[in-house]
Amino acid sequence: MGKSLVLEINTRCWLRELSENANRTVTLATVPDREFAAWKNCGFTHIWLMGIWTTGTKSCAASLGRQELRKLSVEAFGPGGEENLGSSPYAIADYTAADFTGGLQALAQFRAKLHQNGIGLILDFIPNHLGLDHRWIEERPELFVQSQGERPETFPVLKAGGKLWIAHGKDPYFPAWDDTAQLDYRNPSTRAAMVEVLQSVADQCDGVRCDMAMLLLSDVFDKTWQYFPVAGAKAFGGFWSDAIASLKRRHPDFLFIAEAYWNLEPRLAALGFDYVYDKTFYDLLIRRDSAGLEAHVRAEGGFEPVRFLENHDEARIASALSPEEHKAAAIFLMRQPGMRLLHDGQLIGRKRRLPVQFTRYWPESPDPDIVEFYKGLLKSGTGHTQVS
């Protein structure tokens with residue numbers, strides 16, 4: 001597969017910052033040329049635009065109702081900081097480019113300009129759940145995990161003849177995401193509908209980062225939802241193998257990237273994923289287990305890894321390691337095979353992890369030492385602060 005270098009960008013925060021700096025509204029169609037030149041000079045093969053899809057008011061209200069988020073927003077932006085909270089980008093109301101991006105045409109223009117610079121576009125696919133505002137909740141409730149009676153971590157939907165209780169999306173080891181609705185992959189109609197969604201996404205980009213991909217493995221799914229009935233005939237089948245094979249018949253070079261945990265990475269690779277998260281690499285590095293890390297990277301893992309020092313789910317590497325450790329870790333990362341992932345703000349030494357519900361960056365000044373370091377590490381010494 002060869003080496004790939006991906007930059008994850010928090011799209012709405014990035015476009016907002018570009019707009020404020022330019023004193024005009026910047027959409028994906030009007031991103032300055034210097035951004036593309038910087039990415040090309042740094043050697044990025046792909047840009048991952050995290051959080052471009054449409055969200056809605058119900059999921060936004062769920063964010064605003066979380067006291068810990070409100071407290072963080074005031075800490076970051078002062079009194080009234082709650083105005084910088086929005087819906088989680090992983091509570092999708094519709095797989096269409098959100099208004100703040102400029103919409104479908106702006107996304108197409110952005111992708112075309114990336115291609116002119118030899119760079120591919122990665123977008124999110126969140127297979128496990130949809131946001132509370134998605135039309136299927138009202139129109140096609142049978143596609144979701146549901147109950148006839150109220151249960152923990154469910155919400156009501158009024159239907160002719162009664163009330164249904166739909167489960168919120170869930171990782172079995174954590175509380176449910178209360179701004180989402182859990183899709184039921186035991187239902188063949190759900191699988192078919194989500195293949196169609198995936199195909200529509202694939203027509204707009206060059207690869208997808210599949211959120212929490214292991215949650216759709218049949219044994220994982222069945223165990224998570226064993227106490228909820230199936231709406232219709234149960235026939236789980238293999239979603240990923242069928243979906244990936246179907247998609248690649250139309251787009252042979254399309255990339256599938258799996259976020260994965262629990263040592264399930266080889267299973268996902270066997271189902272057709274091109275790259276799979278290597279969380280073990282990150283964990284060993286953060287624990288400063290150099291012997292374990294060396295042994296891990298030398299071992300054959302059975303999959304093409306995605307390796308990183310941070311992403312939107314993890315602590316900032318500049319807060320977890322000393323500056324010298326950070327630099328050594330970055331050099332080590334860049335020497336790895338597979339896909340290397342750099343994160344929005346990593347190149348300028350940001351230390352505060354940004355909640356995905358924030359709509360603007362946490363105010364921080366660049367670290368000049370880290371800025372200079374990444375200038376030397378990446379292909380070119382120019383323009384890298386434009387990708388922060």
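Met-212 lies in the loop between β11 (207-210) and α8 (218-224). Helices (H or I, at least four residues) and strands (E, at least two) are DSSP runs, numbered from the N terminus. The structure is a predicted model, in which local features need pLDDT of at least 70 and side-chain atom pairs count only at pLDDT 80 or more, while totals for chains, interfaces and linings use all residues. Residues are numbered from 1 along each chain as its sequence is written, and side-chain values use heavy atoms, with hydrogens and water left out.

The phi angle of Met-212 is near 45 degrees, a positive value in a residue other than glycine. With a relative accessible area of 8%, Met-212 is buried; buried means under 20% relative accessible area, exposed over 50%, and partly exposed in between (1.4 Å probe, protein chains only). A positive phi is also found at Arg-288, at about 60 degrees, although Arg-288 is not a glycine. Arg-288 is located in the loop between α11 and α12 and is partly exposed, with a relative accessible area of 47%.

Helix α11 (residues 279-286) comes before Arg-288 in the chain. The buried residues of α11 are Lys-279, Phe-281, Tyr-282, Leu-284 and Leu-285. These buried residues pack against β13 (275-277), α12 (290-298), β14 (305-308), α13 (317-320) and α14 (323-334), where contact means heavy atoms within 4.5 Å.

The side chain of Arg-186 reaches the backbone oxygen of Phe-228 at 3.1 Å.

Ser-147 belongs to strand β7 (residues 146-147) and counts as buried at 8% relative accessibility. The side chain of Ser-147 reaches the backbone oxygen of Gly-149 at 2.8 Å.

Strand β7 is part of an open sheet of three strands, in the order β7-β9-β8 with antiparallel pairing. β7 and β8 (154-159) stand at the edges with a single partner strand each, so one side of each is left without a neighbour in the sheet. The pairing of β7 with β9 (residues 162-167) is antiparallel and runs over two bridges; two strands pair if DSSP finds at least two bridges between them. Ile-166 in β9 is the bridge partner of Gln-146.

On a 1 Å grid over the protein atoms alone, a cavity is a set of points where a 1.4 Å probe fits but cannot get out, and a pocket is an open set with protein on both sides within 12 Å along at least five of seven lines; lining residues have an atom within 4 Å of a point. Grid points are joined across faces, edges and corners, and a volume is the space filled by probe spheres set on the points.

The whole structure contains two cavities of 30 Å³ or more. The largest cavity holds about 70 Å³ of space, and among the residues lining it are Glu-8, Asn-10, Met-50, His-312 and Tyr-361. Strand β1 (residues 4-10) gives the most to this lining, with three residues. The second largest cavity has a volume of about 50 Å³. Its lining includes Val-6, Trp-48, Arg-209 and Leu-341, and divides into eight nonpolar, no polar and one charged residues. Ala, Val, Leu, Ile, Met, Phe, Trp, Tyr, Cys and Pro count as nonpolar, Asp, Glu, Lys and Arg as charged, and the others, Gly among them, as polar.

The largest pocket has a volume of about 870 Å³. Of its 28 lining residues, the closest to the centre are Trp-177, Asp-313, Arg-353, Val-356 and Gln-357. The lining comprises 12 nonpolar, five polar and 11 charged residues.

Terms used
A polar contact is a pair of N or O atoms within 3.5 Å; within protein, one must be able to donate a hydrogen and the other to accept it, and residues adjacent in sequence count only if both atoms are side-chain atoms.
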